[in-house]
Amino acid sequence: MNYTFDFNAVSLGPLLDGLIVTLKLTVAANIIGVVLGFPLALLIMSRVSAIRMPAMLFVEFFRCTPAIVQIVWFFYCVPMLFNVFLGSTTMGILALGLNLMAFNAEAYRASIQAVPREQVDAGIALGLNPLQRVLYIVLPNALRASVPVLLTNGIVIFQQSALVAIVAVQDLMYQAKTLATETYRPIETFTIAALIYFAVSFPVTQIVGHLERRRQVMTS
Amino acid sequence: MTSASAPLVSIRSLHKSYGPHIQVLKGLDIEMKPGERVVVIGPSGGGKSTLLRVMMGLEKIDSGSITFGGKPYISSANADAKTAINTDVRRSIGMVFQHYTLFPHLSVIQNLVLAPCKVRGEKKASATQRAQALLERFGLGGKANAFPAQLSGGQKQRVAIARALMLDPKLMLFDEVTSALDPELVAEVEQVILQLAEQNLPMMIVTHDMWFAKNIASRVIFCAGGVVVEDGPPEQVLGSPREERTRDFIDRVFHIKQ
Amino acid sequence: MSLDFSVLLRFQEALALGLWTTVKLTLICIVLGCSLGFLVGLSRTSPSAIVRGIASIYVEFFRGTPVLIQLFWIFFCLPLVLGVELSNLASGVIALTLYMGAITSETFRASLKSVGREQMDACIALGLPRRVQVTNVILPQAVLRAAPTLLSNCISLFKESALVSAVGMADLMFVGQNISNNTARPVEVLTIVALIYFAIAFPLTRAVTLVEGRILKKLAI
């Protein structure tokens, strides 16, 4: 290998600007996903098939197509179909937010349905009415169980957000691409960018692992 | 040939602890003669199951030694030393566990032939034939191709016993084999073990079932606090124990004293 | 605006070729990635701290960074590091294999862990040699338990494979984007492309649920 490394050639400034955009995208998409994912979960569990079916189709569409296809579709097609033109960051947030909403709805659904039958039976035996059973037994159980999955999904969307670079949103990935071309230093640039991504994800995955272990200890 | 009185198993000052504070076996000495059926009873945590697990070579020991048929089998000089286990000797001992431990991905007959084929290099056809005969004898002839998940607890435990017998063990260890069973399934498993007793197969049994203990034992050992408290024929240990602690335990089990 | 899906009829063959590249790439990387994942999963249970350490760093790094940046790194940087030219296909295969290896190693690790202590006791009580313990008892159970998650991993790989379009590999997504640019009909083209992905991935996700149920039933002891 006759490549001389020169990490000084890579200026961190643009990368950090990009990181801020990436974090904005992540946080905003997470707010959409965590908040709207829950009502969507209720829709996919509805007994009325006219409500359930479209909601399930929405969720399955996002879960069964590549995120890059969703994002490119969103950027090209939404303006043409609905005649709306939003800023590229806003478009990125919406595309990622809808995707996360679908995955989080599934997480909420799974944890609601995983509340053991005995818990609900105990509620009936104690004379709680259906609403009270949901509010005091099912939801607290389910929400606590869904936290690790929501966090994991949140960090996945942080990584997936790199895809918006393809449609020219100036996030960390986009800045890295530009910088790599300008400086002819792809190895240094992409390595530093990857390390930045890693530095944000890794602590979160460690927290998730910790939460899951604690949960296992508590429930066993 | 060993003479009738030479010991089959000889356990000398066996010590075993879990971590620095929990001492389970505190110098256990037991001699077992050929053809004996020893039932070990005693309170939970008294070291009964640990004793069987040590004899099977599943646990490290701190110190002590075990010989089997006159040959050195397990020994350790101190807690930091490696526990030496003679694996050839280990192969002549069979064990059945509380939770069946059948291999869930293998059918009943595959569970039975795995070890003879792989350990002794027996031909598959001959092992299958022996296995089928054993299953017939235990009333499981029709279950050869079933998977463990399709059997009742009693059936699973009978399969587990048959699996251990496939290796023609010289000693069988039964560790609370009926404890996980529904009450109505206990008898079918105990019947199978009584069948083996008629053939004078040496065995060591840990059980909480005093009726079974009385019926199968040629000798009963009461184990508590990691040592042998009383050791004698079933009529003595179960009927009129000499030691205060044994009497206390027996009374409690039969609900005589409150 | 009016939609006209008939434009796509002219590009049937191109789309089919793109899909074939996607499927081919996915299948190659499933085979390579699962093998790598199994080895790495085993390494993470190794008694040697160095082996464990290297395996964890690999897994954590590939799980902790965007696949897109991994792909770019391998596409642009690996040739510089190695000093050899890599074809688009080779870079794609390397990148997606490394991705698949990282995610399946976690699957294998979890399933190896789920084969309980009691099964090991039974192996010892039956005097099974170490090699037989692994090949006849632990491995088959681990693979069975891992099967549903592995299938999910394959679906993820199939979806992630669309990323290779970003480095110019002519997969389904790349072909779709080209047609969309040439015809100026992104809505029709990209929708069809999305539907093709969906038509393959969706039935597979149903299969995961089926397989899961059957295996749980079989392994219930």
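**A close look at A:Asn30**

Author: Setting aside the neighbours within four places in sequence, A:Asn30 is in contact with A:Val35, A:Leu100, A:Gly154 and A:Ile157 (contact here means heavy atoms within 4.5 Å). Before going on, a word on ground rules: this is a predicted model, local features need pLDDT of at least 70, side-chain atom pairs count only at pLDDT 80 or more, and totals for chains, interfaces and linings use all residues. Residues are numbered from 1 along each chain as its sequence is written, chains are lettered from A and ligands numbered from 1 in the order in which they are written, and side-chain values use heavy atoms, with hydrogens and water left out.

Back to our asparagine. A:Asn30 sits in helix H1 of chain A, residues 12-44; helices (H or I, at least four residues) and strands (E, at least two) are DSSP runs, numbered from the N terminus. With a relative accessible area of 17%, A:Asn30 comes out as buried, because buried means under 20% relative accessible area, with exposed over 50% and partly exposed in between (1.4 Å probe, protein chains only).

What does UniProt say about this stretch? An unreviewed entry there puts the feature "transmembrane region" at residues 20-45, 57-76, 82-103, 149-169 and 189-211 of chain A. Keep in mind that UniProt positions are given in the numbering used here, feature names are shortened, and annotations may be inferred rather than shown by experiment. In the model, residues 20-45 of chain A are 96% helix and 0% strand, with 37 Å between the end C-alpha atoms. Residues 149-169 of chain A are 57% helix and 0% strand, and their end C-alpha atoms lie 27 Å apart. UniProt (unreviewed entry) also places "domain: ABC transmembrane type-1" at residues 19-208 of chain A. That span is 83% helix and 0% strand, and its end C-alpha atoms are 22 Å apart.

Now zoom out to the partners. Two pairs of chains touch, and the pair with the most contacts is A and C. There, 37 residues of chain A meet 36 residues of chain C. About 3,400 Å² is buried between chain A and chain C, with carbon and sulfur atoms giving 79% of it; buried area is the accessible area (1.4 Å probe) that two parts lose on being put together, summed over both. On the chain A side, A:Cys64, A:Met80 and A:Phe190 lose the most area to chain C, together 16% of what that side buries.

Chain C itself has eight helices and zero strands. Its C-alpha trace spans about 75 × 45 × 25 Å along the principal axes. Of the 221 residues in chain C, 51% are buried. Among contacts in chain C with a separation of 6 or more, 76% join residues 24 or more positions apart.

And chain B? Chain A and chain B do not touch, their nearest C-alpha atoms being 19 Å apart. Chain B does have strands. An open sheet of five strands runs in the order S2-S1-S4-S5-S6, with antiparallel pairing; two strands pair if DSSP finds at least two bridges between them. Strand S2 (22-32) and strand S6 (84-85) of chain B are the edges, each pairing on one side only. Inside that sheet, S1 (residues 9-18) and S4 (residues 63-68) of chain B pair over five bridges in the antiparallel sense, and B:Ile11 has B:Ile66 in S4(B) as its bridge partner.

Elsewhere in chain B, five of the five residues of strand S3 (residues 37-41) are buried, so S3(B) is largely enclosed by the rest of the structure. B:Arg37, B:Val39 and B:Ile41 point one way from S3(B), while B:Val38 and B:Val40 point the other way. S3(B) pairs in the parallel sense with strand S9 (residues 203-206) of chain B over four bridges, where B:Val38 has B:Met204 as its bridge partner. S3(B) also pairs in the parallel sense with strand S10 (residues 219-224) of chain B, over four bridges, and B:Ile41 stands opposite B:Phe222 there.
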